[in-house]
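Have the structure open as you read.

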Amino acid sequence: MSNNLFDLTGKVALVTGASRGIGEHIAKLLAENGAHVIVSSRKIDGCQAVVEQIIAAGGSAQAIACHIGEMDQIEAIFAQISSEHGKLDILVNNAAANPYFGHVLDTDLAAFQKTVDVNIRGYFFMSTMGAKLMKANEGGAIVNVASINGVIPGDYQGIYSITKAAVISMTKTFAKECAQFNIRVNALLPGGTDTKFASTLVNNPKILEQMMHHVPMKRVAQPEEMAGTVLYLVSNASSYTTGTAINVDGGYLIG
C-alpha cells in the first residue's frame with residue numbers, strides 16, 4: 001500500500017459537470033493521483049475532450065454523458081458503471097443549474113423547477129445510487145459541490161441559494177446515515193470562481209466590486225483552486241472526516 005495519503009490508485013471516480021470549469025479540474029486532479037475517472041456532463045463532446053487530455057497526461061478516464069436533471073439518465077449511468085466496473089469508490093456531484101438571475105419575487109416556475117430538479121433531485125438520486133454501489137463495495141466517498149450561497153444567499157440568486165442550502169443539509173443527512181457503510185459524505189463550498197457558470201457575476205464590474213468588498217483575499221478563485229480540497233475529501237487523508245462543509249472562498253464567510 002502506498003504511503004501517499006492522496007493516492008487513488010485502483011479507485012473508480014465519477015465527476016459530474018466535468019466538461020469544463022471546476023469539474024474539469026477535479027477530474028484531472030483525481031486522475032493525476034491514480035483514479036480511473038468517469039468524466040460526465042450533458043454533452044459527450046466536452047467530456048471526451050477532457051478524457052483525451054487526461055489520457056495524454058498518462059491518466060485513465062472515460063466519458064459518459066448524463067443530464068442529472070433527467071432520472072432515466074441517472075439510472076443509465078449507474079447501470080453502465082455497475083456493468084463495466086462493478087463498483088464506484090468516489091462520486092463528485094458538481095453539475096448544477098442556475099438559470100435565473102433576478103429578484104426572488106420574479107422567479108418563474110420553469111426556472112424554479114429546473115434549478116430544483118438538477119441541484120436537489122439530481123444530487124439526491126446521484127447520491128443514493130452512488131452510495132448503493134459503494135455500500136456493496138464496503139465503502140466510498142461522496143463530495144457535493146454546494147456554494148457559499150448556501151450559507152449566505154447571493155443577491156438575485158434566490159432559488160439557486162435555496163437549493164445549495166439544501167445540498168449542505170443533504171450532505172449531513174447522507175453522512176449521518178451512510179457512515180455505517182463506511183461511506184463518507186462531505187461538501188465543498190466554493191466562493192466566487194472564474195468559470196463560465198459564474199460569468200454573470202465575475203464579468204459584471206459592479207457585482208464583482210460588491211463581492212470583493214467581502215473577500216479578504218480581494219480576488220476571485222480560479223477553478224483549479226477548488227480541486228485540491230476535493231482530492232483531500234475523497235482520499236485517505238480525510239479518513240475521519242464526514243458531514244463537513246469546507247469553505248473555499250478567499251475568506252468571504254469569515255464575516
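Does Glu 138 count as buried or exposed, and at what relative accessibility? Glu 138 counts as exposed, at 65% relative accessibility, where exposed means over 50%, buried under 20% and partly exposed in between (1.4 Å probe, protein chains only).

A word on the model: it is predicted, with local features needing pLDDT of at least 70 and side-chain atom pairs pLDDT 80 or more, while totals for chains, interfaces and linings use all residues. Residues are numbered from 1 along each chain as its sequence is written, and side-chain values use heavy atoms, leaving out hydrogens and water.

Most residues other than glycine have a negative phi.

Glu 138 sits in the loop between H4 and strand S5 (140-145), and Tyr 156 in the loop between S5 and H5. Helices (H or I, at least four residues) and strands (E, at least two) are DSSP runs, numbered from the N terminus.

Now look at Asp 89, in the loop between helix H3 (71-85) and strand S4 (90-93). Asp 89 is buried, with a relative accessible area of 6%. A polar atom of the Asp 89 side chain lies 2.7 Å from the backbone nitrogen of Val 12. Beyond its neighbours within four places in sequence, Asp 89 is in contact (heavy atoms within 4.5 Å) with residues including Gly 10, Met 134 and Asn 137.

Definitions and conventions
A polar contact is a pair of N or O atoms within 3.5 Å; within protein, one must be able to donate a hydrogen and the other to accept it, and residues adjacent in sequence count only if both atoms are side-chain atoms.
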